Each structure stands twice: as C-alpha cells, then as structure tokens.
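User: I'd like to learn how to read a few backbone and helix features. Can you walk me through them?

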Amino acid sequence: MSDSRLYTFSQETKDQLRKFRLGTSRAKNPQAKIYQIDIKTQEIRPSSDETYSDLRDLADELPDSSPRFVLLSYPLTLPSGRLSVPYVLIYYLPVNSNPNLRMSYAGAVELFRGTAEVNRVLEISEAEELESIEDKLKGED
C-alpha cells in the first residue's frame, strides 16, 4: 500500500492511540481527540494534548476550512437497554477546504482507521454535525 509509506505515525503517537482506545472503553462521558496531518513531514499527529468530553468544545476547536481526524469514544444506551461505547473515527472534511488537503486526508483515512483500530468511520462536513452524532451512532447509516 502506498498510503503506509506516504503517511507516518511516530511511536509516541501510536502509543497514545493505543492508550486512548484502551482508556476510553469504559468511559462514562464522551472522549475525543483531534488529529491532523503535518503537511511538511506527512506525519499524522495529535493537534493538541487536549481530550474533549464536551462535543460543543470539540466542535469549536475544529477549523472551518481544514480537514481533521477525530477519534471519539461515545458511551450510549442502546434501545435494548445495554450500554455500548462505540469507538469511531470522525473524518471531518469541510466543504470549503483546500483540494490538496482534501486529497491528503482522503489518502490517509484508511491508514488512520487501521492504526487507531477503529471499526467505523463517520464523515462530517460541518462541526455542527457533532450535535447529532449520537443519532448516527445509534443508527445503522
């Protein structure tokens, strides 16, 4: 795969991804981290050390015109009454983002999905779509 040679993760980022995945599986509140591609080095890394538990704060941090990857662990109660904590990759792709950036992120999404060990990818084009993320997680779309 050319993707795996084009984009890289530092060992530190890989360790953080694993720690985040394992550490959020029993979380009582949503947990999210934002990741970006460093265009100069083609390294995928966290945008900051911040872990978000409020989706409004998360939405405020997403840039208006640049794609991002967001890892989200979101506890919810299923219609059956069972507690579920879906672990998903949100592929944030604003409509007005630079075409070259769009291509970079599109080329890296599957690599990120595999490296982060995420089963499901949800694509959104506006930060406001985070407000309805629970409906997307409960639904099958």
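User: Where does Gln 42 lie?

Analyst: Gln 42 sits in the loop between β1 (31-38) and β2 (43-46); strands here are DSSP E runs of at least two residues, and helices are H or I runs of at least four, numbered from the N terminus. This is a predicted model, where local features need pLDDT of at least 70, side-chain atom pairs count only at pLDDT 80 or more, and totals for chains, interfaces and linings use all residues. Residues are numbered from 1 along each chain as its sequence is written, and side-chain values use heavy atoms, leaving out hydrogens and water.

User: What is the phi of Gln 42?

Analyst: Most residues other than glycine have a negative phi. Gln 42, not a glycine, has a positive one, near 65°. Gln 42 counts as buried because its relative accessibility is 17% (buried is under 20% relative accessible area, exposed over 50%, partly exposed in between, with a 1.4 Å probe and protein chains only).

User: How do α2 and α4 pack?

Analyst: Two packed helices are described by the angle between their axes and the distance between the axes. Helix α2 (residues 11-24) meets α4 at about 60°, with axes 9 Å apart. Lys 14, Leu 17 and Arg 21 of α2 make the contact with Phe 112, Thr 115 and Ala 116 of α4 (contact means heavy atoms within 4.5 Å).

Technical notes: Axes fitted to C-alpha atoms, helices over the stretch in contact; angles between N-to-C directions.
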